Amino acid sequence: MTKKKRENLGVALEIDGLEEKLSQCRRDLEAVNSRLCGAELSPEARKSLEKEKNSLINRASNYEKELKLLRHENRKNMLLSVAIFILLSLVYTYWTM
């Protein structure tokens with residue numbers, strides 16, 4: 001996802017959307033695997049399903065990498081928020097004493 005698009009969405013919403021895409025991709029991969037194992041297929045049909053399977057595996061891998069980056073970014077944002085809260089609490093405590 002581009003940096004511009006990321007700025008418009010919250011990281012948590014982006015993570016939710018990506019998790020849904022990854023879930024759908026895994027369901028599709030399961031369906032392709034069951035079709036590959038299930039019935040007698042012509043060589044062309046088998047080759048087409050293998051190609052689709054590889055495409056789904058690559059897409060799932062890309063989603064997982066993007067999720068890892070987004071979760072890291074989310075963790076950094078959370079730590080920054082906690083640090084700001086603690087700093088403000090200390091300033092407030094100092095000024096009220």
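Helix α2 covers residues 11–38 and has 28 residues. Its first and last C-alpha atoms lie 40 Å apart, close to the 40 Å expected at 1.5 Å a residue. Helices here are DSSP runs of H or I with at least four residues, numbered from the N terminus. The expected span is 1.5 Å times one less than the number of residues. The model is predicted, so local features need pLDDT of at least 70 and side-chain atom pairs pLDDT 80 or more, while totals for chains, interfaces and linings use all residues. Residues are numbered from 1 along each chain as its sequence is written, and side-chain values use heavy atoms, without hydrogens and water.

Helix α3 comprises residues 43–96. Its 54 residues should span 80 Å at 1.5 Å a residue. The end C-alpha atoms are 79 Å apart, which agrees.

Both helices contain buried residues. A residue is buried under 20% relative accessible area, exposed over 50%, and partly exposed in between (1.4 Å probe, protein chains only). In α2, the buried residues are V11, E14, I15, L18, L22, C25, L29, V32 and L36. In α3, L49, L56, A60, Y63, E66, L67 and L70 are buried.

L49 of helix α3 was examined in more detail. Its relative accessible area is 9%, so L49 is buried. Contact means heavy atoms within 4.5 Å. With neighbours within four places in sequence left aside, L49 touches V32, R35, L36 and L41. R35 is 14 residues from L49 along the chain, and their C-alpha atoms are separated by 8.1 Å.

The structure holds three salt bridges. Such a bridge is a side-chain nitrogen of Lys or Arg within 4 Å of a carboxyl oxygen of Asp or Glu. One joins E19 to R71, with the closest N and O atoms 2.4 Å apart. E19 lies in helix α2 and R71 in helix α3, so this pair ties together parts that are 52 residues apart in sequence. E19 is partly exposed at 32% relative accessibility. R71 is also partly exposed, at 37%.

Another salt bridge joins the side chains of R26 and E64, at 2.5 Å from N to O. This pair links distant parts of the chain, with R26 in helix α2 and E64 in helix α3, 38 residues apart. R26 counts as partly exposed at 43% relative accessibility. E64 is partly exposed, with a relative accessible area of 36%.

R27 and E20 form a further salt bridge, and their closest N and O atoms are 3.6 Å apart. R27 has a relative accessible area of 41% and is partly exposed. E20 is partly exposed at 48%.

The surface carries a nonpolar patch. Patches consist of residues with over 30% relative accessible area and no salt bridge; like charges are joined within 9 Å, and nonpolar side chains (Val, Leu, Ile, Met, Phe, Trp, Tyr) within 5 Å. This patch is formed by M78, L79, V82, F85, I86 and L90. Together they have about 610 Å² of accessible area, computed by the Shrake-Rupley method with a 1.4 Å probe, where only the protein chains shown count as cover for residues. F85 lies in helix α3. At 58% relative accessibility, F85 counts as exposed.

Aromatic rings were considered last. Rings of Phe, Tyr and Trp (its six-membered ring) pair if their centres lie within 6.5 Å; planes under 30 degrees apart count as stacked, over 60 as edge-to-face and the rest as tilted. By this rule there is one aromatic pair. The ring centres of Y94 and W95 are 5.6 Å apart and their planes stand at 80°, so the pair is edge-to-face. Y94 and W95 are both exposed.

Key
Helix = DSSP H or I, 4+ residues; strand = E, 2+ residues; numbered from the N terminus.
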